Amino acid sequence: YHGWRFDLGGRLVSAPHRAGFAAPLKLDDWGLQEFRTDMWERFVFVNISGDAPPLLEWLEDLPEVLKNHHISSQHRTYDLDDEVAANWKLFVDNGYCDYHVPFVHGSVASTVRDMRWAEEKTGVYTNQLRLELNDVGKSLRTPWPDLDDDARDATFAFGVFPNLLLLAFSDGGVHVLWWSPMAVDRTRARVQTYSHSRSDEGSIRAGKEAVAAIQNEDIAIVKKVQLGIQSSGYHPGPRHRLEDRVAGFQRQLMRMLTEDEGEDRQETEEADRC
């Protein structure tokens, strides 16, 4: 905007017309803000607040479970990027909700055993779902040789607080979904897919169409949920066991909000005493 230039380390190296500032401009005082970053596989995580636990601690046992998928050696096949009129937390709830799958995602439900066989696990920052494939599901993908028998016969979903979902498949492929708040009622919903195989153009197009269909099913249902919760007649319903991952997300969210509220209250009380 004003022609300031920074080096790759974030240091301010030049600012035009420096004599015009009210006080002498010290370049070293005006570098770009630094944030903690860390990597897992090919993904870079940024900690804005600076007080999060180490990344591998935050991911809990996710890296161990997915290590044989060798995500770093995969290539990205296609992306989806949508802006949706709904709150981001509704997308997270939907992504972690296993109760809705047979009723919203018929194509997914047709490839796995009945949802009564779904296995859920909830940690502090992560959650897991294992869906055992049926014969149809097993026929659609060639198993990745490095996976054990348990992983070759299942599709996994891994939620990472606050807004990330990884889907891991028996062929070693991985889909990454994440939802970024743009406004209280608007969300950026993205999907990136990774694969070990370099499929032909037709296969890539068919794969993208299949993923886009599921994304559009989620978008349509979440937009309806957004309208529902805005109704004066809305009130929360009972929780099903296939919503344990949703409950885990909401518990952690409320825990963090309560901690922030407590800190704000303490700061206010200290200010009042002063």
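Biologist: What should I know about the numbering and the limits of the model?
Modeller: Residues are numbered from 1 along each chain as its sequence is written, and side-chain values use heavy atoms, with hydrogens and water left out. The model is predicted: totals for chains, interfaces and linings use all residues, local features need pLDDT of at least 70, and side-chain atom pairs count only at pLDDT 80 or more.

Biologist: How far apart are the end C-alpha atoms of helix H8?
Modeller: Helices (H or I, at least four residues) and strands (E, at least two) are DSSP runs, numbered from the N terminus. Helix H8 covers residues 201-229 and has 29 residues. The expected span is 1.5 Å times one less than the number of residues. That gives 42 Å for H8, which agrees with the distance between its end C-alpha atoms, 42 Å.

Biologist: Which elements do the buried residues of H8 pack against?
Modeller: Buried means under 20% relative accessible area, exposed over 50%, and partly exposed in between (1.4 Å probe, protein chains only). The buried residues of H8 include Gly207, Val211, Asp218 and Val222. With contact taken as heavy atoms within 4.5 Å, the buried residues of H8 pack against strand S5 (75-84), helix H3 (88-96), strand S10 (174-183) and strand S11 (186-195).

Biologist: Which residue is the bridge partner of Ala183 in S11?
Modeller: Two strands pair if DSSP finds at least two bridges between them. S10 and S11 run antiparallel, joined by nine bridges, and they form a hairpin with two residues between them. In S11, the partner of Ala183 is Arg186.

Biologist: Which residue in S11 stands opposite Val84?
Modeller: S11 is mostly covered, with eight of its 10 residues buried. Nine bridges join S11 to S5, and these two strands run antiparallel. Opposite Val84 stands Thr187.

Biologist: How many residues apart in sequence are the parts tied together by Asp98 and Arg245?
Modeller: A salt bridge is a side-chain nitrogen of Lys or Arg within 4 Å of a carboxyl oxygen of Asp or Glu. Both Asp98 and Arg245 are buried, and their side chains meet in a salt bridge at 2.8 Å, N to O. Asp98 lies in the loop between H3 and helix H4 (101-104) and Arg245 in helix H9 (residues 244-273), so the parts tied together are apart in sequence by 147 residues.

Biologist: Is Arg116 buried or exposed?
Modeller: Arg116 forms a salt bridge with Asp114, the closest N and O atoms being 3.0 Å apart. Asp114 counts as partly exposed at 41% relative accessibility. At a relative accessible area of 68%, Arg116 is exposed.

Biologist: Which residues does Arg11 touch?
Modeller: Arg11 lies in the loop between strand S1 (5-6) and strand S2 (12-14). At 40% relative accessibility, Arg11 counts as partly exposed. Not counting residues up to four places away in sequence, Arg11 touches Arg5, Phe6, Asp28 and Gly31.

Biologist: What is the area of the nonpolar surface patch that includes Val46?
Modeller: Patches are made of residues with over 30% relative accessible area and no salt bridge; like charges are joined within 9 Å, and nonpolar side chains (Val, Leu, Ile, Met, Phe, Trp, Tyr) within 5 Å. Accessible areas come from the Shrake-Rupley method with a 1.4 Å probe, and for residues only the protein chains shown count as cover. Val46 lies in strand S4 (residues 43-47). With Phe35, Met39, Val44 and Ile48, Val46 makes a patch of about 500 Å².
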